[in-house]
Amino acid sequence: MGGEQNAEVVRKGFEAFGKGDMDTLRNEVFTEDTVWHVGGRSPIAGDYRGQEVFEWFGRLFQETGGTFKVELHDVATSDEHVVAMTSASGERGGKRLEDSKGVQVHHFQGGKISESWLTVQDPYENDEFWS
């Protein structure tokens, strides 16, 4: 697969995530042994592997009462990577996260995401929201 095909997989992933469609994420977007790296020092930061990634996604929805959203603004591609520029929002425990800019770097193997690194523009805001 090439860059644009990989970008379509990322777009499909964002659409599925927005709908809570874990089956599409699991079967069409991520490899079985995918690794998800989340920066910061909040309780949701860390490295997640395989099924843990989908449990982590579920945790985001649960912790925010389903209000957590990630909007995809744009993508940049190469044959092995897609960089996604994002904006996140949500509500949790009386706290609001609004227009939190982020970048996700996705590595591809066999047409699916095999490893991802997430960073945010304001890690202090993000840590405070999730703590």
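Analyst: Happy to. This is a predicted model.

User: Let's take Trp 36. Leaving aside its neighbours within four places in sequence, what is it in contact with?

Analyst: Quite a list! Among its partners are the aromatic residues Phe 30, Tyr 48, Trp 56 and Phe 57. Trp 36 also contacts Val 53, Leu 118, Gly 46, Asp 47, Gln 104, His 106 and Ser 116.

User: Now the helices. How do H1 and H2 cross?

Analyst: H1 covers residues 3–19 and H2 residues 22–29; their axes come within 8 Å and cross at roughly 160°. An angle over 145° counts as roughly antiparallel, so that is how H1 and H2 run relative to each other. Their crossing is left-handed.

User: And which residues make the contact?

Analyst: H1 brings Val 9, Lys 12, Gly 13, Ala 16 and Phe 17, while H2 brings Thr 24, Leu 25, Glu 28 and Val 29. By class, that contact has five nonpolar, two polar and two charged residues.

User: Switching topic: where is Asp 99?

Analyst: Asp 99 is in strand S5, residues 95–109. Its phi is near 50°, a positive value in a residue other than glycine.

User: Is Asp 99 buried, partly exposed or exposed?

Analyst: Partly exposed, because its relative accessibility is 46%, and exposed would need over 50%.

Definitions and conventions:
Residues are numbered from 1 along each chain as its sequence is written. This is a predicted model: local features need pLDDT of at least 70, side-chain atom pairs count only at pLDDT 80 or more; totals for chains, interfaces and linings use all residues. Side-chain values use heavy atoms; hydrogens and water are left out. Axes are lines fitted to C-alpha atoms, for helices over the stretch in contact, and angles run from 0 to 180 degrees between N-to-C directions. Helices (H or I, at least four residues) and strands (E, at least two) are DSSP runs, numbered from the N terminus. Angles under 35 degrees count as roughly parallel, over 145 as roughly antiparallel, 65 to 115 as roughly perpendicular and the rest as oblique. A crossing is left-handed if the near helix is turned anticlockwise from the far one by less than a right angle, and right-handed if clockwise. Contact means heavy atoms within 4.5 Å. Ala, Val, Leu, Ile, Met, Phe, Trp, Tyr, Cys and Pro count as nonpolar, Asp, Glu, Lys and Arg as charged, and the others, Gly among them, as polar. Buried means under 20% relative accessible area, exposed over 50%, partly exposed in between (1.4 Å probe, protein chains only).
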